[in-house]
Amino acid sequence: MRKLIAFDEDTFDKLKQLGRDRMATFQELADEAFADLLKKHGIPIDLRDALRKSAKLDAAADKTTARTRTRKAKAR
């Protein structure tokens, strides 16, 4: 999908220079930046990340359930 994004001249010049320094295309820089933004906000980037996040949530829920059951059993 293509989207038009506007940059001021100074920002665009710095992005072009960063691309040259890292020998990366503008698209590679954009992909990395948006992947970092999604990661920062806890949004999975691909299926693998989504599955890892889901597994962590399930494991955390299982630990919480196990602790609750243990505490109730000891209270009796």
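Helices are taken here as DSSP runs of H or I with at least four residues, numbered from the N terminus. The model is predicted. On this assignment the protein has three helices and zero strands, and the pattern read along the sequence is α-α-α. Buried residues account for 5% of the 76 residues in the protein.

Helix H1 spans residues 9-22, and both Lys14 and Asp10 belong to this helix. The two residues are four positions apart, about one turn of the helix. Their side chains form a salt bridge, with an N to O distance of 3.3 Å. Lys14 has a relative accessible area of 54% and is exposed, because the exposed class begins over 50%. Asp10, at 44% relative accessibility, is partly exposed.

A search of the whole structure returns three salt bridges, of which the Lys14 and Asp10 pair is one. In general, side chains of opposite charge can pair when their charged atoms come close. Another of these contacts joins Glu32 and Arg22, whose closest N and O atoms are 2.9 Å apart. Glu32 lies in helix H2 (residues 26-40) and Arg22 in helix H1, so the pair ties together parts that are ten residues apart in sequence. Glu32 has a relative accessibility of 35% and counts as partly exposed. Arg22 is also partly exposed, with a relative accessible area of 43%.

A further salt bridge is found between the side chains of Arg52 and Asp49, at 3.6 Å from N to O. Both residues lie in helix H3 (residues 47-75), and because they are three residues apart, about one helical turn separates them. Arg52 is partly exposed at 49% relative accessibility. Asp49 is likewise partly exposed, at 27%; this value does not fall in the buried class, because that class requires a relative accessible area under 20%.

The loop between H1 and H2 contains Met23. Met23 is not a glycine, yet has a positive phi of about 55°. With a relative accessibility of 76%, Met23 counts as exposed. A positive phi also occurs just after H2, where Gly42 takes a value of about 75°.

Helix H2 comprises 15 residues. From the first C-alpha of H2 to the last, the helix reaches 21 Å, close to the 21 Å expected at 1.5 Å a residue. Leu29, Ala30 and Ala35 are buried in H2. The buried residues of this helix pack against H1. H1 and H2 are thus related by this packing and by the salt bridge between Glu32 and Arg22.

Rolling a probe the size of a water molecule over the atoms shows where empty space is left. The largest pocket holds about 420 Å³ of space. Its lining consists of 14 residues, and those closest to the pocket centre are Ile5, Phe26, Gln27, Ala30 and Phe34. Ala30, one of these residues, is also among the buried residues of H2.

H1 and H2 each contribute at least two residues to the lining of the largest pocket. The largest share comes from H2, which supplies seven residues. Sorted by class, the lining contains ten nonpolar residues, one polar residue and three charged residues.

Definitions and conventions: Residues numbered from 1 in each chain as written. Predicted model: local features only at pLDDT ≥ 70, side-chain atom pairs only at ≥ 80, totals over all residues. Heavy atoms only, no water. Salt bridge = Lys/Arg side-chain N within 4 Å of Asp/Glu carboxyl O. Buried < 20%, exposed > 50% of the residue type's maximum accessible area, 1.4 Å probe, protein only. Expected span 1.5 Å × (residues − 1). Contact = heavy atoms within 4.5 Å. 1 Å grid on protein atoms, 1.4 Å probe; cavity = no way out; pocket = protein on both sides within 12 Å on 5 of 7 lines; lining within 4 Å. Points joined across faces, edges and corners; volume = space filled by probe spheres on them. Nonpolar A, V, L, I, M, F, W, Y, C, P; charged D, E, K, R; others polar.
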